[in-house]
Amino acid sequence: MLKIHSFLIFGENMLKTELLFDIDDNFNRDRYTNAISKIQYVPKEQIIPSEFSLYNTEKYDSLVKDIKSKNLPKDIEKFLLLSATRHIVFNYARIAEYYCHVDKDIQELMEKSGLVIIDFDDALENGYVDLTKHLEELYNNAEK
C-alpha cells in the first residue's frame with residue numbers, strides 16, 4: 001500500500017489504475033538528473049512590463065469587498081482576508097520579463113518570494129522544493 005498523505009491512501013492496484021502505468025515498470029529514475037544549471041532570464045521586450053500586467057486581482061477584490069461588507073469579528077475577518085489572497089493570479093511569463101528589467105535588489109526579493117527560480121539549491125533552501133522532496137521520500141519509504 002502506498003501512502004501519499006495522511007488522508008490519501010492508495011492500494012497498489014488502485015494507483016496503477018489511476019496512473020495508467022505500473023510504477024515499478026515505468027518509473028525510470030535514470031532519466032532525471034540533479035545537475036541543474038542556473039536559469040538565465042533574458043529580456044524579450046525592450047520596455048519593462050507594467051506592474052499591473054503581472055497579476056490579476058479581480059476575484060480577490062470581489063472577495064475582499066464581500067468580506068468587508070459583513071460585520072465579522074476581527075479575527076475571522078483577518079483570516080478570510082488572508083485566505084482571499086490565494087485568488088490572486090500571477091502571470092509568470094510577464095513576471096519573468098519584468099525580472100529581466102529591474103535592479104538587483106528587486107530581483108533578489110522576487111527570488112526570495114518564489115516569483116522566479118534561478119537556482120535549484122536556492123529554491124530548496126527557500127522551501128519551494130519541499131513538496132517534491134516529501135513526495136519522493138514517501139515513495140521511497142513505500143518501496144521498502
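Visitor: In which helix is Asp66 found, and why does Asp66 count as partly exposed?
Guide: Asp66 is found in helix H3, residues 58-69; helices are DSSP runs of H or I with at least four residues, strands are runs of E with at least two, and both are numbered from the N terminus. Asp66 has 42% relative accessibility, so Asp66 counts as partly exposed, given that buried means under 20% relative accessible area, exposed over 50%, and partly exposed in between (1.4 Å probe, protein chains only).

Visitor: What is the average pLDDT of the protein?
Guide: The average is 77, and 60% of the residues score at least 70; pLDDT is the predictor's confidence in each residue, from 0 to 100. Over residues 1-7 the pLDDT is below 50, although this stretch has 16 contacts in the model beyond near neighbours in sequence, a contact being heavy atoms within 4.5 Å. Where pLDDT is low, the predicted coordinates should not be read in detail.

Visitor: What makes the pair Glu45 and Arg94 a salt bridge?
Guide: The closest N and O atoms of Glu45 and Arg94 are 2.8 Å apart, and a salt bridge requires a side-chain nitrogen of Lys or Arg within 4 Å of a carboxyl oxygen of Asp or Glu, so the pair qualifies. The pair links distant parts of the chain, 49 residues apart: Glu45 is in the loop between helix H2 (23-26) and strand E3 (55-56), and Arg94 is in helix H5. Glu45 is partly exposed because its relative accessible area is 36%, and Arg94 is partly exposed because its value is 22%. A search of the whole structure finds one salt bridge.

Visitor: Why is Glu97 described as having no salt bridge?
Guide: The nearest side chain of opposite charge, Arg94, is 6.0 Å away from the buried Glu97, and the limit is 4 Å, so no salt bridge is assigned. For charge, Lys and Arg count as positive and Asp and Glu as negative, while His and the chain ends are not counted. Glu97 lies in helix H5, and its contacts, leaving aside neighbours within four places in sequence, are Val42, Pro43, Lys44, Glu45 and Pro49. The buried residues of H5 (residues 92-101) include Ile95, Tyr98 and Cys100; their cover includes E4 and helix H6 (104-112).

Visitor: Why is Phe90 called partly exposed?
Guide: Phe90, in strand E4 (residues 89-90), has a relative accessible area of 38%, and is therefore partly exposed. Phe90 also belongs to a nonpolar surface patch with Phe52, Tyr55 and Tyr92, having about 460 Å² of accessible area together. Patches are made of residues with over 30% relative accessible area and no salt bridge, with like charges joined within 9 Å and nonpolar side chains (Val, Leu, Ile, Met, Phe, Trp, Tyr) within 5 Å.

Notes
Residues are numbered from 1 along each chain as its sequence is written. This is a predicted model: local features need pLDDT of at least 70, side-chain atom pairs count only at pLDDT 80 or more; totals for chains, interfaces and linings use all residues. Side-chain values use heavy atoms; hydrogens and water are left out. Accessible areas come from the Shrake-Rupley method with a 1.4 Å probe; for residues, only the protein chains shown count as cover.
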